[in-house]
Amino acid sequence: MSMINEELQQLLLRYCEPESELLQQIDRETNLKVLMPRMLSGHYQGRVLSMLSKLVNAHRILEIGTFTGYATLCLAEGLRPEGKLYTLDINMELEDMVRNNFAQSSYHSQINYILGDATETVNTLDEVFDLVFIDADKKNNGTYYDLVFDKIRPGGLVIVDNVLWSGKVLSNQVDKDTRNIITFNDKIAADDRVEKLILPVRDGLFIIRKK
């Protein structure tokens, strides 16, 4: 899923902050026990998410798509001491693993893990968010974006994962999934309420700042 070669990837890892032991453990366990472990953010992308969270000095964070909780804990590193992170997911089969991962973290009391359809559960949150990370079913990227937009403070960030879709967005013959990604990317490009850019980190991170 990375847009760069392995040699350069290793160089980037050499010059960024190390993973905690817990994050390393989650990475190993995910790769050993979970289907499609490539969905995990991983070391470098995790450090990017952590840095962005710290830069916005996050009081409230929303994550749509928990998976095994790796990115959740990276984002939580930027929370203020009184801050909260809400993470939404629909996969109940991973619940025990995720709750165990969170329980081992110093941020566990700040994380609110909510299971259910995010298109419904997001409407139950009466909060103003500093940062929203969207990394769930790609066909609903636009729906999630519209649902959360009014809940984001001016100057807040929306980060959307997998917007380069392993380079398939460049193909002349695109499948349905790729078309959904391109449609979302075009939607953001046309949205004059935000500033935006794509970082070619791993599978592409759309960084969107609300004006």
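**Exercise 1.** Which residues in H7 meet which residues in H8?

*Solution.* Before we start: this is a predicted model, where local features need pLDDT of at least 70 and side-chain atom pairs count only at pLDDT 80 or more, while totals for chains, interfaces and linings use all residues. Residues are numbered from 1 along each chain as its sequence is written, and side-chain values use heavy atoms, with hydrogens and water left out.

Step 1: find the two helices, which are DSSP runs (H or I, at least four residues; strands are E, at least two), numbered from the N terminus. H7 covers residues 141-149 and H8 covers residues 176-189.

Step 2: look for contacts (heavy atoms within 4.5 Å). On the H7 side you'll find Asn-141, Gly-142, Tyr-145 and Asp-146, and they meet Ile-181, Phe-184, Lys-187 and Ile-188 in H8.

Step 3: check the geometry. The axes of H7 and H8 come within 9 Å and cross at roughly 35°; axes here are lines fitted to C-alpha atoms over the stretch in contact, with angles running from 0 to 180 degrees between N-to-C directions.

**Exercise 2.** Work out where His-43 sits and what touches it.

*Solution.* Step 1: His-43 belongs to helix H3, residues 43-55.

Step 1: is His-43 buried or exposed? The rule is under 20% relative accessible area for buried, over 50% for exposed, and partly exposed in between (1.4 Å probe, protein chains only). His-43 is buried because its value is 18%.

Step 2: leave out residues up to four places away in sequence, and His-43 touches Leu-13, Cys-16, Glu-17, Pro-18, Glu-19 and Tyr-70.

**Exercise 3.** Trace the salt bridge of Glu-77 and see what else is linked to it.

*Solution.* Step 1: a salt bridge needs a side-chain nitrogen of Lys or Arg within 4 Å of a carboxyl oxygen of Asp or Glu. Glu-77 pairs with Lys-54, with the closest N and O atoms 3.8 Å apart.

Step 1: Glu-77 is in the loop between helix H4 (70-76) and strand S2 (84-89), Lys-54 is in helix H3, and they are 23 residues apart.

Step 2: check accessibility. Glu-77 is partly exposed at 21%, and Lys-54 is also partly exposed, at 44%.

Step 3: widen the view. Arg-47 joins Lys-54 and Glu-77 in a network of salt bridges.

**Exercise 4.** How many salt bridges does the structure hold?

*Solution.* Step 1: the count is 12.

Step 1: take one of them, Arg-60 with Glu-127, at 3.0 Å from N to O. Arg-60 lies in strand S1 (residues 60-64), and Glu-127 is 67 residues apart from it, in the loop between helix H6 (118-121) and strand S4 (129-134).
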